Amino acid sequence: MASGGSSSSSRAWTQRQNKQFECALAVYDRDTPDWWHNIARYMGGTKSADEVRRHFEQLVHDVTQIEAGRVPFPRYGYGSAPPVAGGGLDDMAATRYAT
């Protein structure tokens with residue numbers, strides 16, 4: 001596949017491709033031989049091994065930035081604080097997810 005910016009593989013990753021990528025990371029252990037190529041194959045030919053490697057490196061960078069506190073929390077339009085009651089989970093669901 002020639003590189004020139006016009007191929008579909010050089011475009012931004014779609015939500016579906018990101019999900020495929022996440023699944024591939026769960027399927028293939030980092031110690032798997034030809035890791036990048038296996039993940040690229042899992043992507044159905046839409047991304048090259050080099051694109052998969054670069055995407056992974058960007059993911060690692062992003063996670064590192066988040067864990068270091070360099071990425072601000074998003075504001076979801078709650079105003080100064082999220083809603084206290086009726087915020088989405090009912091009481092039964094809230095207790096199911098409580099630690």
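Q17 is buried, with a relative accessible area of 11%. Buried here means under 20% relative accessible area, exposed means over 50%, and partly exposed lies in between, for a 1.4 Å probe and protein chains only. Q17 lies in helix α1. Helices are DSSP runs of H or I with at least four residues, strands are runs of E with at least two, and both are numbered from the N terminus. Leaving aside neighbours within four places in sequence, Q17 is in contact with A12, M43, T46 and K47. Contact means heavy atoms within 4.5 Å.

This is a predicted model, in which local features need pLDDT of at least 70 and side-chain atom pairs count only at pLDDT 80 or more, while totals for chains, interfaces and linings use all residues. Residues are numbered from 1 along each chain as its sequence is written, and side-chain values use heavy atoms, with hydrogens and water left out.

Now follow α1 to its partner. Helix α1 covers residues 15–27 and helix α3 covers residues 49–67. The two pack at an angle of about 85°, with their axes 12 Å apart. Axes are lines fitted to C-alpha atoms, for helices over the stretch in contact, and angles run from 0 to 180 degrees between N-to-C directions. So α1 and α3 are roughly perpendicular to each other. The classes are these: under 35 degrees is roughly parallel, over 145 roughly antiparallel, 65 to 115 roughly perpendicular, and the rest oblique. From α1, the contact with α3 takes N18, F21 and L25. From α3, that contact takes V52, H55, F56 and L59. Five residues of the contact of α1 with α3 are nonpolar, two are polar and none is charged. Ala, Val, Leu, Ile, Met, Phe, Trp, Tyr, Cys and Pro count as nonpolar, Asp, Glu, Lys and Arg as charged, and the others, Gly among them, as polar.

Next comes α2. The axes of α2 and α3 cross at roughly 100° and come within 8 Å. That makes α2 roughly perpendicular to α3. On the α2 side, W35, W36, H37, I39 and A40 take part. They meet A49, V52, R53 and F56 in α3. The residues of this contact of α2 with α3 divide into seven nonpolar, one polar and one charged. Which residues of α2 are buried? They are W35, N38, I39 and A40. The buried residues of α2 pack against both α1 and α3. Just after α2, G44 takes a positive phi of about 75°.

V52 brings these parts together. V52 sits in helix α3. V52 is buried, with a relative accessible area of 0%. Beyond its neighbours within four places in sequence, V52 is in contact with W13, F21, W36, I39, A40, M43 and K47. V52 and A40 are twelve residues apart in sequence, yet 6.2 Å apart in space, C-alpha to C-alpha. A40 has its own set of contacts. Not counting residues up to four places away in sequence, A40 touches G45, K47, S48, A49 and V52.

In soluble globular proteins, nonpolar side chains tend to be buried together. Here the largest nonpolar core has ten residues: W13, F21, A24, W35, I39, A40, M43, A49, V52 and F56. A nonpolar core is a set of buried Ala, Val, Leu, Ile, Met, Phe, Trp, Tyr and Cys residues joined through side-chain atoms within 4.5 Å. Helices α1, α2 (35–42) and α3 each give two or more residues to this core.

Last, the charged pairs. A salt bridge is a side-chain nitrogen of Lys or Arg within 4 Å of a carboxyl oxygen of Asp or Glu. By this rule the count comes to four salt bridges. In α1, E22 forms a salt bridge with K19. Their closest N and O atoms are 3.7 Å apart. E22 counts as partly exposed, at 47% relative accessibility.

R53 and D50 are three residues apart, about one turn of the helix. R53 is partly exposed at 26% relative accessibility, and D50 is partly exposed at 36%. E57 forms a salt bridge with R53, with closest N and O atoms 3.0 Å apart. E57 and R53 are four residues apart in α3. E57 counts as partly exposed, at 42%. Salt bridges that share partners join D50, R53, R54 and E57 into one network.
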